[in-house]
Amino acid sequence: MFKEKTSKLTKGSIAYFTGGSGRPLIHLHGASGVRPNAGLEALAESVTLYMPVLPGFDGTSGIDGVASMETLADLVADFIDKEIGEAVDVLGLSFGGWLGAWLAVRHPSKVGQLCLENPAGFRPDSMAAPSSDPELRKQQMYAYPDRLPPETKSEDVLAKNRAMLGHYHGKTSFDADLAAQLSKIECLTLIMHGTRDGRVPEEAVQLLKRDIPRSHLIYIYDAAHSLETDQPARFAHLVSDFMERAEAFLVNQGPAGDRPQQVL
Amino acid sequence: MRFSYTHHMPYTGVSNAGQDWPVSNKQFDPQLGVKLFERYIADKIYAEQAGFDWIGSNEHHFSPYGMMPNPNLVGAVVANRTTRAGILQSGNIVPISNPIRIAEEYAMLDVMSGGRLVAGFMRGIPHEYVAYNVAPDESYGRMHEAIELIKKAWSSPEPFGWEGEFYQFRAVSIWPRPVQQPYPRILMSASSDASAMLAAEVGASAGFLRIVDFESTRHQIQVYRDRAKAWGWIPTADDVMIGLNCCIAPTYEEAKEILESGQKYFFGVLGGGIRTAQKLVIQKTRYFKDAGAADKFKKKTAIQREVSFDERVERGLLVCGTPEMAIDQIRRVHRELGNGRMNLSIKIGNIADHHVTRTLDYLRDIVFPAVRSLGEYTDPAQAAE
């Protein structure tokens with residue numbers, strides 16, 4: 001359902017996947033790279049997804065001069081200019097949510113509405129780092145591992161993906177520079193948190209809700225870190241409703257709310 | 001040992017309520033209702049003076065079994081007219097209600113009582129699902145999700161929304177917030193394996209009500225304790241509450257006559273329509289998670305018919321007799337089960353209110369002073385060795 005394309009940007013080229021039908025939505029991936037799944041496929045029924053492969057992920061090369069969250073956000077802004085040409089809604093998962101917040105701070109004119117899915121980068125330093133034990137990590141990531149799509153990436157690619165996180169943000173778990181600027185985010189923002197997320201703490205999403213002026217925090221029940229695969233229907237319904245109706249998504253639409261509505 | 005006083009607030013103006021479900025309310029005399037409410041609430045207030053630690057109210061629908069479809073209304077009155085006792089709501093029936101409404105009303109009770117709320121989360125008995133037209137099959141799923149949502153509503157400092165299987169809210173920020181932070185003490189029934197495990201997961205104190213025998217109750221307590229340990233906490237004796245019917249009189253014979261008659265009225269007159277609906281729910285739905293739990297429920301209801309009153313006393317399933325007998329009976333339950341709390345139901349069926357008052361007086365003057373020191377937790381497994 002998603003086609004791979006190439007985008008030629010000022011600093012270099014990147015790959016991206018696109019597909020779906022409706023208004024454009026940029027999806028910024030997490031540590032696993034671009035990973036189509038049931039949640040994204042359901043979402044693509046109401047939006048056209050653009051999913052850039054961030055430099056160095058999924059076997060791609062890095063780009064000179066892009067080695068921080070800030071410069072990576074600048075690169076995404078360039079991608080928006082080249083492929084969309086106007087402000088666009090942005091959805092970021094975990095590492096991608098962190099990046100989405102930087103994008104909204106540095107390039108407010110490029111972002112329409114912002115969705116942060118279990119965003120990384122705001123774990124208080126006083127809290128213990130998430131476990132690296134593979135079995136525990138799996139529990140923290142997935143409430144329903146059986147709902148994951150079959151793995152198509154090699155161990156080597158996945159390991160390099162994880163290494164790229166350090167390339168962009170070092171060992172930072174709490175991005176104090178970004179946290180100090182959250183109040184600059186002007187766009188309407190949806191923060192989503194899985195009630196079983198073992199990777200991003202409650203404190204992090206509470207901080208985001210507190211400091212981003214026009215934000216809404218919504219818990220996705222019975223989902224861990226991987227919202228898109230743990231609860232694909234809830235994820236897709238919520239995001240599409242938020243994108244379509246903006247602040248009005250607070251209002252119950254009755255039976256009409258079961259399907260995407262056109263904003264009049 | 002700490003004691004809880006639960007009063008079902010039955011409607012006692014019927015002599016034959018029939019077996020139909022729901023029970024027709026044409027038999028309800030509102031003027032008698034006025035008098036009963038006045039008396040029952042006075043009894044609850046008096047229970048605090050008699051030394052009870054918690055005053056309990058609970059929720060039932062569509063029958064003379066109890067006149068408290070919303071126990072929070074009664075809890076509010078009790079909170080206003082007492083100063084010390086915990087306001088035990090045992091409870092709101094979570095799966096058939098709006099969880100945000102429960103969070104709000106419980107928070108109100110906690111504030112109105114100065115932080116005395118004990119928040120009961122109950123799954124209810126089967127017929128309540130017919131009354132409120134909620135699928136019994138969804139009982140456990142709704143219970144689990146609603147409790148997480150209520151705890152979030154009590155504790156989240158920021159407004160939040162909820163996208164769940166049964167509940168969706170886009171923006172929640174309850175006023176008032178509870179006095180007890182992050183949230184009030186929670187009490188849940190733990191009478192089946194599934195409910196004991198859920199109580200442990202929630203971090204709730206556990207109520208074991210209408211027990212059938214010590215052996216199976218010990219098993220339930222152990223399930224609760226083992227599961228709590230797996231979730232990283234250790235329940236104390238104070239977290240284990242055993243529920244028993246109670247009647248105290250100058251002689252065993254008199255206490256027996258009063259309690260047996262009250263129970264006969266309770267099950268025979270007040271409980272008929274309820275049983276009709278319960279049978280339907282249990283036979284036609286997956287209200288219980290497994291056949292074992294369903295059998296246990298049937299066993300509990302059957303024991304009233306199959307086991308004689310004297311035998312129930314012998315088994316330790318009733319507190320009945322003279323004050324000295326009651327002391328021994330309470331000590332025996334504690335010795336067998338290691339509980340630190342006991343819920344005593346005294347107004348059973350149509351037991352005369354002056355007999356209720358007399359039992360309260362015996363408890364205050366003779367029984368409570370003799371058993372207050374009980375409650376240092378003893379592991380049931382060690383006690384059995």
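Tutor: Let us begin with one definition: two strands are said to pair if DSSP finds at least two bridges between them. Please also keep in mind that this is a predicted model.

Student: Okay, so what order do the strands of the open sheet have?
Tutor: The open sheet has 10 strands in the order E1(A)-E2(A)-E4(A)-E3(A)-E5(A)-E6(A)-E7(A)-E8(A)-E5(B)-E6(B), and the pairing is mixed. At the edges are strand E1 (3-8) of chain A and strand E6 (168-172) of chain B, each of which pairs on one side only. From one strand to the next, the twist averages 25°.

Student: In which sense do E8 of chain A and E5 of chain B pair?
Tutor: Strand E8 (residues 215-220) of chain A pairs with strand E5 (residues 160-163) of chain B in the parallel sense, over 3 bridges. Within this pairing, A:Tyr219 has B:Trp162 in E5(B) as its bridge partner.

Student: And which helix of chain B lies across those strands?
Tutor: That is helix H5 (residues 139-155) of chain B, which lies across E8 of chain A together with E5 and E6 of chain B and runs at about 175° to E5(B).

Student: Switching to the contact, how many residues does it take from each chain?
Tutor: Chain A gives 17 residues to the contact and chain B gives 16 residues. The area buried between chain A and chain B is about 1500 Å², with carbon and sulfur atoms giving 55% of that area. On the side of chain A, the three residues A:Tyr219, A:Tyr221 and A:Arg234 supply 42% of the area that chain A buries against chain B, more than any other three residues.

Student: Why give an area at all?
Tutor: The size of an interface is often given as the accessible area lost when the parts come together.

Student: How many salt bridges are there across the interface?
Tutor: The rule finds 2 salt bridges across the interface of chain A and chain B. One salt bridge joins the side chains of B:Lys152 and A:Glu202, at 3.0 Å from N to O. Between chain A and chain B there are also 11 residue pairs in polar contact, counted with both residues at pLDDT 80 or more.

Student: Which elements of chain A give two or more residues to that side?
Tutor: They are helix H7 (202-211), E8 and helix H9 (232-245) of chain A, and the largest share, 5 residues, comes from H9(A).

Student: New topic: which salt bridge does B:Arg372 form?
Tutor: The side chain of B:Arg372 meets that of B:Asp53 in a salt bridge, at 2.9 Å from N to O. This pair links distant parts of the chain, 319 residues apart, with B:Arg372 in the loop between helix H13 (353-371) and helix H14 (380-384) of chain B, and B:Asp53 in the loop between helix H1 (30-49) and E2 of chain B.

Student: Where are the cis peptide bonds in chain B?
Tutor: A cis peptide bond joins B:Trp175 and B:Pro176, with omega about 0°, and the bond from B:Gln181 to B:Pro182 is cis as well, with omega near 5°. B:Pro176 sits in the loop between E6 and strand E7 (185-189) of chain B, and B:Pro182 lies in the loop between E6 and E7 of chain B.

Student: Last one, what is the average pLDDT of chain A?
Tutor: Chain A averages a pLDDT of 94, and 97% of its residues score at least 70. Over residues 260-264 of chain A, however, the pLDDT is below 50, and this stretch has 7 contacts in the model beyond near neighbours in sequence.

Technical notes:
Residues are numbered from 1 along each chain as its sequence is written. Chains are lettered from A and ligands numbered from 1 in the order in which they are written. Side-chain values use heavy atoms; hydrogens and water are left out. Helices (H or I, at least four residues) and strands (E, at least two) are DSSP runs, numbered from the N terminus. Axes are lines fitted to C-alpha atoms, for helices over the stretch in contact, and angles run from 0 to 180 degrees between N-to-C directions. Contact means heavy atoms within 4.5 Å. pLDDT is the predictor's confidence in each residue, from 0 to 100. Buried area is the accessible area (1.4 Å probe) that two parts lose on being put together, summed over both. A salt bridge is a side-chain nitrogen of Lys or Arg within 4 Å of a carboxyl oxygen of Asp or Glu. A polar contact is a pair of N or O atoms within 3.5 Å; within protein, one must be able to donate a hydrogen and the other to accept it, and residues adjacent in sequence count only if both atoms are side-chain atoms.
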